[in-house]
Amino acid sequence: MEPIKCCAIGAGLATLTFHVPFILALPSLFTLHSVLERNPPSPSGTVCDKFKLSSSEVKLYQSFDEVLSDPEIELVLIGTPNDTHYVLAKAALKAGKHVLVDKPVTPSVQEAKELGQLAKEKRKVLYAFQNRRWDQDYLALKKLLDLPENDSRSLGTIVEFESHFDRYRLGLKGSWKDEPRPAAGLMFDLGSHLIDQTLCLFGRPTQITAFASNLRGIGHPDVDNFTIHMHYPAGSALPYPFTAILRAHPLSVRSPQIRFILLGQKGSYIKYGIDVQEEQLKSLTSAPSRTVTTTTTSYGLEPESYWGTLEHATDPNGTTFVKSVWPSEESGCYTDLYRNLAATIRENAELKVKWEEATAVIEMIELARKSAREGKTIDVL
């Protein structure tokens, strides 16, 4: 298969930490053809400097029009601020390029649907970067939920699910993410991951109740913490009613932080610690070289101290309990997203992150924001 020629848009966190390392790690599938950086600090640009790439190998463009008019570019990687995703993706699709766009894919459902329709008309791949479907902790959770009822480790029918991305941070980072711009704020940022994982596990809820507030008293209230309750009635995802609780809290003094809490009729599961891939990638790109690998034996593997704990009742009255470890055996692997992206472009394979699923995430965010703003539960139609 001929490698897909890519252009990375921007030279920020997404490009340097997530996109470029994997493009370079999969030379049989991708070639980094070019980078768009409007104000490069050097003649070769940030990406070439950081990854020790030759400017004769990787072109540096300073305008998006140059990218759109280059017939060699097949795939555009959009990792720019959230409020630019729609405009850039639309222009790239119109120019006949495939597109990988970071989450949240757009500020509104209407824009997401428009892009999806345009991709179909142009017969181009439009892929949402929902990389946390390949988190090690999420893969371990899916394996637990897939256990048959008669397995001694099964939790039985699930009655409540909590998913957290909490942190302790007294101040603001000073980036565009702290500004009240379209699609900015924690609900769009971290909420996109939590909602996407929950929709994959349980499907669409029938109602949403959300809360948002500015606990730190700094910055804009729309860009601080949130709690979202996704309500599922009996007979939808599970036999009995249950609630999925999604939360991002900026003042959680805890290490490691809670990640998942799962309550079932036969047992419970609690998991601490966040997937290690992002920190590993940041460490990798702090001192990068031409050879970038994400395939070492330690990549994507969290310490055993982070493995989740199961607790089962030994009798119906809950007088005694037995604890055991639920191992995170399958390593996290964001590389699989890129492998699937290449297969969809070259071999017409099925997308593992369908655009309709990414659009549903934006729909849930819109409903959650409406619920928090109006102080009431909102029906999901």
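Analyst: A salt bridge is a side-chain nitrogen of Lys or Arg within 4 Å of a carboxyl oxygen of Asp or Glu. A search of the whole structure finds 21 salt bridges. This is a predicted model, in which local features need pLDDT of at least 70 and side-chain atom pairs count only at pLDDT 80 or more, while totals for chains, interfaces and linings use all residues. Residues are numbered from 1 along each chain as its sequence is written, and side-chain values use heavy atoms, with hydrogens and water left out.

User: What makes R259 and D137 a salt bridge?

Analyst: The closest N and O atoms of R259 and D137 are 3.6 Å apart, so the pair meets the rule. R259 sits in strand β11 and D137 in helix α6 (residues 136-145), so the bridge ties together parts 122 residues apart in sequence. Helices (H or I, at least four residues) and strands (E, at least two) are DSSP runs, numbered from the N terminus. Both R259 and D137 are buried, a word kept for under 20% relative accessible area, with exposed meaning over 50% and partly exposed in between (1.4 Å probe, protein chains only).

User: How do you know that E302 and K271 count as buried?

Analyst: Their values settle it: E302 is at 6% relative accessibility and K271 is at 0%. These two side chains meet in a salt bridge at 3.1 Å, N to O. E302 belongs to the loop between α8 (277-286) and β13 (308-313) and K271 to strand β12 (residues 267-272), so this bridge ties together parts 31 residues apart in sequence.

User: Why are E278 and K282 said to be separated by about one helical turn?

Analyst: They are 4 residues apart in helix α8. An α-helix has 3.6 residues a turn, so residues three or four places apart point the same way. The side chains of E278 and K282 meet in a salt bridge of 3.3 Å, N to O. E278 is buried at 19%, whereas K282, at 32%, is partly exposed. Salt bridges with shared partners join R132, D135, E278, E279 and K282 into one network.

User: Why is the pair of F18 and Y334 called tilted?

Analyst: Rings of Phe, Tyr and Trp (its six-membered ring) pair if their centres lie within 6.5 Å, and planes under 30 degrees apart count as stacked, over 60 as edge-to-face and the rest as tilted. By this rule the count comes to 11 aromatic pairs. F18 and Y334 are 6.4 Å apart, centre to centre, with 50 degrees between the planes, so they pair and count as tilted. F18 lies in helix α1 (residues 13-25) and Y334 in the loop between β14 (321-326) and α9 (335-347), so the pair ties together parts 316 residues apart in sequence. Both F18 and Y334 are buried. Ring pairs also link F18, F22, F30, F129, Y334 and Y338 into a cluster.

User: How do you know that α7 is largely enclosed by the rest of the structure?

Analyst: Of the 17 residues of α7, 15 are buried, so the helix is largely enclosed. Helix α7 (residues 186-202) reaches 22 Å from its first C-alpha to its last, close to the 24 Å expected at 1.5 Å a residue; the expected span is 1.5 Å times one less than the number of residues.

User: Where is the kink in α7 centred?

Analyst: The kink, about 45 degrees, is centred on S192; the bend at a residue is the angle between axes fitted to the seven residues ending there and the seven starting there. Just after α7, G203 takes a positive phi of about 85 degrees.

User: What makes V253 count as exposed?

Analyst: V253 has a relative accessible area of 68%. V253 is found in the loop between β10 (242-248) and β11 (258-264). The loop between β10 and β11 also holds P256, and the peptide bond from S255 to P256 is cis, with omega near -5 degrees.

User: Which residues other than glycine have a positive phi?

Analyst: Among them are K52, at about 55 degrees, and N348, at about 60 degrees. K52 lies in the loop between α2 (46-51) and β3 (59-61) and is exposed at 52%. N348 lies in the loop between α9 and α10 (355-374) and is exposed at 69%.
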